[in-house]
Structure formats: C-alpha cells, structure tokens
Amino acid sequence: MNARHRLPLQAGAIAVLAFGVLILSVYGSLMTGGRSDIRLSDLFTASTNGAVILDIRLPRTLVAACLGVNLGLSGLILQALTRNPLSSPSILGINQGAALGLTIGVIFPSVGALVGLMPLAAIGALAAGFITFSIAGVFAGRIVSLRLILGGVAVGAFASAMVRFSFTLEDDLARQVLRWTLGNISDVRWHHVQSLFVWSIGGTVATLAMAHRLNLMALGEAQASGLGADPRLTLMIGALMSACLTGTAVFVAGPIAFAGLVVPHMCRFCLGPDHRILVPATALGGACLLMAADAASKWLTSPVELPVGVVVAMIGAPYFLYQTLFSKGAI
Amino acid sequence: MLFRQTTYSLAVGFMALLPFSVGAAEITHELGVTDVPDAPQRVIALEFSFVDALAALGVSPVGIADDKKRQRIVAEYTAVIGDDWQSVGTRKTPSLEVIASLQPDLIIADKTRHSGVYDTLSQIAPTIVLDSLGGTYPEAIEQTLVIGDALGMKGKAAERVAEHEAVMAELIAQIGNESHGVNAQFGVTNATGLWLHSPLSYNGSLLEKFGFSSSMTPQEGEVYETNYVPTTLEQLSVVDPDLLILGKYADPAFTDEWAGEALYDSLKAVEASNVYTVNAHKWSRMRGLLAAEMTANDVLEILTEFSAKQ
C-alpha cells in the first residue's frame with residue numbers, strides 16, 4: 001500500500017465532517033448580523049429581508065470564504081517553500097507588508113491613484129516576502145529556520161510600526177488606516193467579492209497545478225532538482241502567488257493573522273502531507289474557518305461587531321502556541 | 001490669652017488671604033484639583049470646544065491644537081480670538097515641545113485624548129482636564145463655566161451662558177412642537193465608515209434638547225463604542241430614524257455607496273427624502289456655546305423643510 005493513500009482518518013468520516021462544518025459555517029455566517037429578524041426563508045420572498053441576505057450577507061459570507069481560501073493557500077505554499085511549519089503570511093511579515101503598501105496609498109493619494117490600491121498591497125506583500133526570504137537565505141538555497149522566523153517577525157514589526165505611525169496623523173486619515181491594521185469585513189459588498197473571487201479560484205487551480213512541485217520541495221531542494229523540478233522556479237512562482245493571494249486578501253479585509261498558519265496544519269493533521277489533497281482541503285478548510293469566524297464576530301458581542309481578524313486571532317494564537325511548544329523538529 | 005487669640009485670628013486671616021495674594025484659584029476637573037494662577041494670560045486649548053469657550057468669553061489663546069490646519073478654527077471663532085495663536089499640532093498628539101515653548105500659564109486638555117500626558121502637561125503649566133470628546137451638550141456648558149472660573153471670569157462666564165441659554169430658548173421656541181415624536185439621528189461618514197452619534201454624545205443630547213427622540217440602544221464601553229458608534233447598513237436599518245442628518249468628510253462618502261440598495265432605500269428617512277447633509281466639521285468636531293447655536297440654526301432649517309413635506 002502506498003503511503004500516500006494511508007490517511008490518518010477514515011476518508012468517509014472526513015468527508016462527512018467537512019461537509020457538516022461547511023454547512024454550519026455558511027449558515028452561521030448568513031444568519032448573523034445587525035438585524036435579528038432575518039430568516040433563511042426570506043431569501044425566497046421578494047422582501048427587504050430577502051434583499052438583506054442577497055445584498056449584504058451573501059457577499060460578506062463569500063468574501064469570508066474567499067479570504068480563507070487565499071490565506072490558507074498562501075500559508076500552505078509558504079510552508080512548503082520554506083519547509084517550515086511556522087511559515088504563514090503573518091509570521092513572515094507578508095500581511096503587514098501588504099497593509100503598509102495600502103497605507104502608503106491612503107496617505108499619498110497620488111501614489112494610490114497612480115498604482116492602484118490592490119497592486120500596492122501585492123507589491124507591499126512581495127517586498128516584505130522578498131526581504132524575509134533574503135534574511136533567511138532562501139535565495140542562497142539554504143534556509144535557516146530561525147532566521148526565517150526572526151526575519152519575518154522583524155519585517156512584520158517594521159511594517160506594522162510604519163502603519164501605526166500614521167495613527168498620529170489626523171483622525172480621519174487614522175481611521176482609514178486603522179482599517180488596514182485589523183482584519184475587518186463588516187461592510188463588504190458584491191464588488192469586493194468580484195475582486196477576490198477570481199484570485200481565490202485562480203489561486204486554487206494554480207496551486208493545485210503546483211502541488212507536485214510543492215511535494216518535491218518537501219523532499220529538499222537537492223532532491224527536487226534531481227527529480228526535474230527546478231526549485232528556484234518553484235520558489236519564484238510560489239512566492240509570487242503567495243504574495244498575490246495575501247495582497248488581495250489584505251486589500252479587501254486588512255491583515256488577518258493566523259488563518260494562513262492554522263488551516264494548512266489542521267489539514268495536514270487530518271489528511272497527511274500530499275499537496276494534491278492538501279490544496280483543495282486547505283481551500284475548503286480556510287473558507288470554513290473564516291465563515292465561522294465571521295459568524296462569531298457578529299454574534300459574540302452583538303450588537304457591536306468584532307473585527308473578524310480578532311476572532312481568527314483568538315482561534316489562531318493558541319494554536320500557534322501549541323504548534324511552537326509541541327512540534328517536532330524544523331524549529 | 002488675648003495676645004494669643006489675636007495672633008491666632010491674624011494667622012487665620014492671613015491664611016485666608018493667601019490664595020488671593022498668590023493669585024491662585026483651585027479648579028476641580030476630571031483628573032483632580034489644579035491651582036490655576038489668577039487671570040491666566042497665556043492659554044493653550046487642546047480641543048475645539050475649549051476654543052469655543054475662549055471665544056465665548058473673548059479670550060485669545062496663545063496656542064491651539066488645530067490639527068495643523070488653521071482653517072479648522074472657523075471664522076466665527078477667529079472673529080473673536082484673532083489669528084495670533086500658534087498651532088501646537090493635532091488634538092490627538094499635540095506637540096509637548098511646542099506647548100512648552102509657548103510658556104503657557106494654563107493648559108486645557110481633553111479627558112479621552114490627553115489623560116496619558118496629563119502629568120507631563122502639568123509640569124509645563126497648570127493643566128485642567130475636561131471631558132470634551134465624551135461629553136454631552138449640558139456638560140459642554142458646564143465646561144464653559146469651569147473654563148470661565150479658571151480664567152478668573154466666573155461672573156462673565158455665567159452671564160455669557162445665560163445669554164446663550166436665552167438664544168437657545170428662542171430657537172427652541174421657534175422649533176416648537178415640530179420636533180416632537182420625530183426620531184432624528186446624526187452621524188458622520190468618511191470614505192470608510194459611518195459613525196452614529198448616540199444620545200450619550202454631544203450631538204445626540206443636543207438633538208434631544210431640540211425635542212427629538214432617538215431609537216438607538218445605549219451601549220457600554222469606551223467613547224468610540226458609547227458615543228460614536230460604528231454602524232453598518234443593517235444596524236442603521238434597526239435604528240431607522242425619521243430624519244437622518246449626515247456630516248460627510250469625504251466625497252463620495254461611504255453612505256453614498258448604499259444608494260440603490262434595497263435595504264437603504266427602505267429606510268424611513270430615505271423613502272421620504274429626509275436625509276439631510278450638514279457641515280461635518282461644525283457638527284461633529286465643534287462643541288460648545290457658539291457651536292450649539294450654529295447647529296441650532298441648521299436644525300431649524302432642516303425642520304422647516306422636513307415639516308413642509310409632512
């Protein structure tokens with residue numbers, strides 16, 4: 001029996017569990033919000049309540065799902081590229097880099113208008129990733145785990161310090177920038193879905209196409225090139241995709257930490273190390289986590305909403321600690 | 001015995017005179033009691049409502065936290081206080097160096113924004129801290145009296161407040177019954193969000209004074225949860241006021257994007273075209289006697305239009 005097919009848990013049980021979690025998180029995300037008089041059946045009546053679901057809640061649920069897909073995949077790619085279980089957009093400073101790109105666009109409207117906010121987010125993410133990777137020696141072909149994490153923390157701290165610096169600017173500008181410091185999707189609409197959806201679908205397909213290369217990376221760069229996949233190419237494409245996925249997510253919602261870290265781990269725990277299974281599983285898992293977090297963000301402190309990033313951090317931070325304390329090797 | 005009594009009473013008499021001879025008044029404020037010199041000459045105001053109070057009393061400050069934008073001190077104020085004041089930076093993070101360099105003898109600071117630097121400010125000059133950002137309209141009036149007291153103009157402040165109350169009473173008389181039973185809500189919107197000013201806020205309490213009612217549920221927490229409540233469209237639809245007054249800091253504003261959405265169009269105020277736009281700066285950032293009178297005039301205009309539609 002091939003090791004790849006020996007799953008830690010029964011495949012059928014996992015499928016049922018995943019489906020159940022998916023349905024619950026979609027339902028939870030759709031049925032919570034500012035109004036308490038909204039039922040799912042309203043969707044089938046031509047009422048204002050139906051419009052609330054269609055105009056306000058459905059796009060928000062979809063945005064949450066897409067964010068989960070983007071961040072989960074981004075984390076999965078980064079973990080494969082660096083062969084480090086702690087890699088994720090937030091730990092490597094990529095989230096914060098994207099936020100800094102956006103902040104620059106907000107503070108200097110001319111730059112924002114010239115480049116566009118979404119490309120600025122991607123550029124910020126890419127720049128942060130590039131610096132972190134350089135510090136870790138990724139481009140030299142030898143990744144030092146400790147350097148990777150410390151480099152990421154330093155880059156992230158620097159970027160968020162620059163973002164926070166803008167708080168001292170006047171209130172109105174500070175409020176706009178505040179939006180890029182915490183993941184928040186309280187006021188998204190269909191046009192936000194449009195800008196995310198393409199990336200999520202495209203990202204899933206592209207990552208799936210890369211799954212084999214990611215598997216080879218796990219063997220080590222020497223083995224990967226021995227097997228015909230140039231690790232530098234994998235690294236380049238992977239880093240670019242990770243930056244784009246993170247950049248678009250941050251553009252819509254602001255940086256959401258820990259989603260990119262937790263989801264790939266949970267999937268690996270349930271499904272094993274094969275990226276051909278992990279890619280769709282991470283996409284689905286990320287979507288579920290973010291939709292559930294969205295539901296919790298509206299429900300926990302109702303009627304005041306929590307930023308969804310806070311809820312994800314409440315789930316993700318303890319997991320991060322667990323991972324740090326109990327992971328074997330690598331760190 | 002007689003000698004001792006005389007000495008004693010003389011000593012008591014001298015001690016009673018002491019505050020006057022040194023020229024200090026004890027001002028009780030949010031963070032304690034501060035000895036303020038008699039009739040301070042070099043005053044620094046760290047919120048616009050304190051500038052309002054100074055203008056009401058005809059006192060020119062030497063420094064204002066004007067957010068580094070001089071035009072934020074509106075013509076109604078500069079007509080009285082002149083232009084000879086220096087900017088000390090933003091209200092949120094005023095420059096302590098500039099404040100010190102102006103050698104003030106009184107600093108008026110805000111509870112929410114400046115409690116953290118109270119000790120430092122107190123080292124520079126006698127500092128009184130008032131709750132401007134988190135205070136209501138009646139509290140803004142109270143604060144004007146406290147500032148008057150600190151400036152050694154207790155009598156004039158009381159007079160000025162009485163004058164203001166007469167003006168407001170007249171405006172409220174003009175409003176009459178028109179506002180009764182009308183649910184009015186003020187909010188500010190920029191490019192990224194909408195913040196409703198709750199009945200606990202300055203503007204909320206002012207609208208209440210004009211006879212309007214509110215359907216906002218009170219919240220607990222800090223100022224940006226209780227007074228200035230971030231609000232989504234769904235949450236706005238629960239408040240659903242008859243009259244929606246918006247101050248817009250951006251064009252297009254965040255709320256403009258809601259136009260055409262079924263839920264927004266079904267709001268009572270939107271359906272009956274009772275959404276009014278006012279000057280966001282004057283309504284939202286300015287508080288005090290003069291500001292309230294400007295607001296009252298706006299309300300009167302809005303209400304005339306509103307009533308004509310009924």
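Colleague: How many helices and strands are there in chain B?
Modeller: Chain B holds 15 helices and 12 strands, where a helix is a DSSP run of H or I with at least four residues and a strand a run of E with at least two, numbered from the N terminus. This is a predicted model, in which local features need pLDDT of at least 70 and side-chain atom pairs count only at pLDDT 80 or more, while totals for chains, interfaces and linings use all residues. Residues are numbered from 1 along each chain as its sequence is written, and chains are lettered from A and ligands numbered from 1 in the order in which they are written.

Colleague: Why does Phe48(B) count as buried?
Modeller: A residue is buried if 20 or more other C-beta atoms, placed from the backbone, lie within 10 Å of its own, exposed if 12 or fewer, and partly exposed in between. Phe48(B), which sits in helix H2 (residues 48-57) of chain B, has 26 C-beta neighbours inside 10 Å and therefore counts as buried. Leaving aside residues up to four places away in sequence, Phe48(B) touches Arg285(B) and Met286(B), a contact being a pair of C-beta atoms, placed from the backbone, within 7 Å. Over chain B as a whole, 44% of the 310 residues count as buried.

Colleague: Why is H3(A) called oblique to H10(A)?
Modeller: The axes of H3 (residues 94-107) and H10 (residues 231-253) of chain A come within 9 Å and cross at roughly 55°; such axes are lines fitted to C-alpha atoms, for helices over the stretch in contact, with angles from 0 to 180 degrees between N-to-C directions. Angles under 35 degrees count as roughly parallel, over 145 as roughly antiparallel, 65 to 115 as roughly perpendicular and the rest as oblique, and that makes H3(A) oblique to H10(A). Residues of H3(A) in this contact include Ala98(A) and Leu102(A), and those of H10(A) include Ala243(A) and Val250(A).

Colleague: What makes Phe258(A) and its phi worth a look?
Modeller: Phi of Phe258(A) is near 80°, a positive value in a residue other than glycine, and Phe258(A) lies in the loop between H10 and H11 (259-271) of chain A. With 26 C-beta neighbours inside 10 Å, Phe258(A) counts as buried.

Colleague: Why does Asp67(B) count as buried?
Modeller: Asp67(B) has 21 C-beta neighbours inside 10 Å, so it counts as buried. Its phi is near 60°, again positive in a residue other than glycine, and its place is the loop between strand S4 (63-64) and helix H3 (75-81) of chain B.

Colleague: How do you know that the bond between Asp251(B) and Pro252(B) is cis?
Modeller: Omega of that peptide bond is about 0°, and Pro252(B) is in the loop between strand S11 (243-248) and H12 of chain B.

Key:
Two residues are in contact if their C-beta atoms, placed from the backbone, lie within 7 Å.
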